[in-house]
Amino acid sequence: MRTPVLDVFRPGVHGVARLYLGLRLQGTEHIPPGGAVVIVPNHQTYADPVLVTIPVRRPVHYMAWSQLFDVPGLSWMIRRLRAFPVQLESRDPRATREAVRLLQAGEAVMIFPEGARSVDGRVGRFKPGAFRLAVSLSAPVLPVTIVGGHASWPPGRPLPRPGRMTITYHPLLYPDAGRGARDAAQDLAERTRAVIVGTS
């Protein structure tokens, strides 16, 4: 099963990103071709979901801020890109159930563990939700480091400026089956953040 919208626009988006953002993709051999996986990038720009997905040759489902679905036109587009809403301000059982359903079906789900874009370019504190999901379903996480996005497109700037951006895909990380669920999720979050920060 492919992602028709992205398959059509992928070459053009990649070309523009390379020319305008100086985009480089590293470690793409670590992207699993199938099976349940939680993709966890740090978050720097509005374009992160699309840019991170460029080399992923399988459908990706995105957990996205619920308020984006209230914007006419944008809601239609992101739903076509397989996004589903999550309330960032509080726990959201509906979003959790949807993520569980997708992962149980062997799909890839992208969750930004910071919740929102970085305000200063540094990697923020990780929320536990993505890692609790991974632990509960014994699914691996794919850490992804985005570098250079904030310099090109910081919060408050309507459009990006030319820049140098690198996205690195790291080896999969697995939950520690020997720990309790809470400890395993915290451990997985800490390991994932350490990998992401190590190259940011």
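Against which strands and helices do the buried residues of helix H5 pack? They pack against strand E2 (37-41), helix H4 (93-104), strand E6 (141-147) and helix H7 (181-198). The model is a predicted one, in which local features need pLDDT of at least 70 and side-chain atom pairs count only at pLDDT 80 or more, while totals for chains, interfaces and linings use all residues. Residues are numbered from 1 along each chain as its sequence is written, and side-chain values use heavy atoms, with hydrogens and water left out.

**Overall architecture**

- The protein contains seven helices and seven strands; these are DSSP runs numbered from the N terminus, helices being H or I with at least four residues and strands E with at least two.
- Along the sequence, the elements follow the pattern α-β-β-α-β-α-β-α-β-α-β-α-β-α.
- Of the 200 residues in the protein, 46% are buried, where buried means under 20% relative accessible area, exposed over 50%, and partly exposed in between (1.4 Å probe, protein chains only).
- Among contacts with a separation of 6 or more, 71% link residues 24 or more positions apart; a contact means heavy atoms within 4.5 Å.
- The accessible surface comes to about 10500 Å², and carbon and sulfur atoms hold 58% of that surface; such areas come from the Shrake-Rupley method with a 1.4 Å probe, and for residues only the protein chains shown count as cover.

- E6 is largely enclosed by the rest of the structure, because six of its seven residues are buried.
- E2 and E6 pair in the parallel sense over four bridges; two strands pair if DSSP finds at least two bridges between them.
- Within that pairing, Ile 39 stands opposite Leu 142 in E6, and Pro 41 stands opposite Val 144.
- E2 also runs parallel to strand E5 (residues 108-110), joined by three bridges, and Val 38 has Val 109 as its bridge partner there.
- E6 pairs in the antiparallel sense with strand E7 (residues 166-169) over four bridges, where Val 144 stands opposite Tyr 169.

**Helix H5**

- Ala 130, Phe 131, Leu 133, Ala 134 and Val 135 are the buried residues of H5, which spans residues 129-137.

- A pocket is an open set of points, on a 1 Å grid over the protein atoms alone, where a 1.4 Å probe fits, with protein on both sides within 12 Å along at least five of seven lines; lining residues have an atom within 4 Å of a point.
- Of its 13 lining residues, Phe 126, Pro 128, Ala 185, Gln 186 and Ala 189 lie nearest the centre.
- H5 and H7 each supply at least two lining residues, and H7 gives the most, with seven.
- The lining divides into six nonpolar, two polar and five charged residues; Ala, Val, Leu, Ile, Met, Phe, Trp, Tyr, Cys and Pro count as nonpolar, Asp, Glu, Lys and Arg as charged, and the others, Gly among them, as polar.
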